[in-house]
Amino acid sequence: MSQKLKTQIGIIGAGPAGLMLAHFLDKMGIESIVLENKSRDYVENRIRAGLLEQNTVDYLKEIDVADNLLEKGLLHEGVNFSFDGERIHIPFGELTGGRNITIYGQRFVVRDLIRTRLERGGEIRFEAEATKITDIDADQPKIYFTEDGEEKILECDFVAACDGYHGVGRETLPTESYRRHDIHYPFSWLGIMANAAPSSDELIYSYHKDGFALLSYRSPTVSRLYLQVDNDDDIDNWSDDRIWDNLHKRLAYTGWTLNEGEITQKGITPMRSYMIDHMQHKKLFVAGDAAHIVPPTGGKGLNLAVADVKIMSKAFEDFYKNNSTEKLDNYSSDAMRRVWRAQGFSNFMTTQFHKQYEHGSYEYLLQKANFDYIAMSTAMKTTVAENYVGLKHI
């Protein structure tokens, strides 16, 4: 007979969304168990995004998991946009009333969340693969999972699936309960990590006739950089020298120098947008990549997942404290307003700075006109800044 466990909220996935949800619920006095199919070591060392919106930083402070972030995170009060060698600066705090972004690697966020949850007595079951979700229309939904070679069952009041695009959560949602939207962009990103001091205090997005480039970083000694490449390109085609040559060319700006260093990681990632327009069914709720994926150009992936579970946690709190299902019923519509805004901003940033058309064509000249408008208009700079740092309310 399968071993049975019980809790109030069964959470699938120990990424930022699942872990943040567990912490939000713990602060509200709501019990949860997190199931994660990978090992703790694997989860804590996955290289992922590192850009935290103001809201995400504020949420980490709210749940008292921000000590390392505040000590080691790199505050960014602006961003640089380049187009054919011209460069403009967007001052975030000045345009948004003091809201900014912080660079702090996702793996460090995850490590902080895991360590603090375990120190506080919360439960995370690693190498516990959720295989099936049943009875989502009953009083006690069940999550079947495999742990130590045995099938076990987690009974709960609600299931929160934060287990990504390929997870059992999205697969369990009835396909007739939502509409699906996909965009596949005609280019990919070649990304590298390099042991090089960052060449700029703030990120640089650059359009060049040979393709897009982005300068970011993870620490005062580690740079993160990207190049636009074709979808059918192969990483073996890109020697370290070729990568640095292209970065120098595409990021070039008078009086500015790009620092080089040992490349420690490189890979190619396709660009796509994906979302479903309804993120729940009966007692199953999905969040993060299980519900939506955005191209990384706007830095919204992690932040959007955290925004989902913040809304979800408030809905669970309303249910347990007030015996009300109103916020639960409205979870999808409440979350979707931010999802659509994030999709819109991510699409804007992606289409604005990537080469898709011939240099000098009508479409290229529209991109240049958009850049010139950002340069001349405080209103447009403010729009970019508000979206980049994350809207406080939407």
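Mentor: Residues are numbered from 1 along each chain as its sequence is written. In this predicted model local features need pLDDT of at least 70, side-chain atom pairs count only at pLDDT 80 or more, and totals for chains, interfaces and linings use all residues, while side-chain values use heavy atoms, with hydrogens and water left out.

Trainee: Why is Cys156 called buried?

Mentor: Buried means under 20% relative accessible area, exposed over 50% and partly exposed in between, with a 1.4 Å probe and protein chains only. Cys156 has 0% relative accessibility, so it counts as buried. Cys162, at 11%, is buried too.

Trainee: What makes Leu214 buried?

Mentor: Its relative accessible area is 4%, so Leu214 falls under the 20% cut-off. Leu214 sits in strand S16, residues 213–219; helices (H or I, at least four residues) and strands (E, at least two) are DSSP runs, numbered from the N terminus.

Trainee: Which residues does Leu214 touch?

Mentor: Contact means heavy atoms within 4.5 Å. Leaving out residues up to four places away in sequence, Leu214 touches Trp189, Leu203, Ile204, Tyr205, Arg224, Leu225 and Tyr226.

Trainee: What makes a set of residues a nonpolar core?

Mentor: The members are buried Ala, Val, Leu, Ile, Met, Phe, Trp, Tyr and Cys residues joined through side-chain atoms within 4.5 Å. The largest one here has 75 residues, and Ile11, Met20, Leu60 and Phe316 have the most contacts inside it. Beyond its neighbours within four places in sequence, Phe316 is in contact with Ile9, Leu25, Ile30, Phe158, Phe285 and Leu328. A second, separate core of 33 residues includes Leu51, Phe83, Phe187 and Met349.

Trainee: How do the residues lining the second largest pocket divide?

Mentor: A pocket is an open set of points on a 1 Å grid over the protein atoms alone, where a 1.4 Å probe fits, with protein on both sides within 12 Å along at least five of seven lines; lining residues have an atom within 4 Å of a point. This lining has 16 residues, and Tyr59, Lys310, Ile311, Arg338 and Lys392 lie nearest the centre. Helix H9 gives the most, with 5 residues. The lining divides into 5 nonpolar, 2 polar and 9 charged, where Asp, Glu, Lys and Arg count as charged, Ala, Val, Leu, Ile, Met, Phe, Trp, Tyr, Cys and Pro as nonpolar, and the others, Gly among them, as polar.
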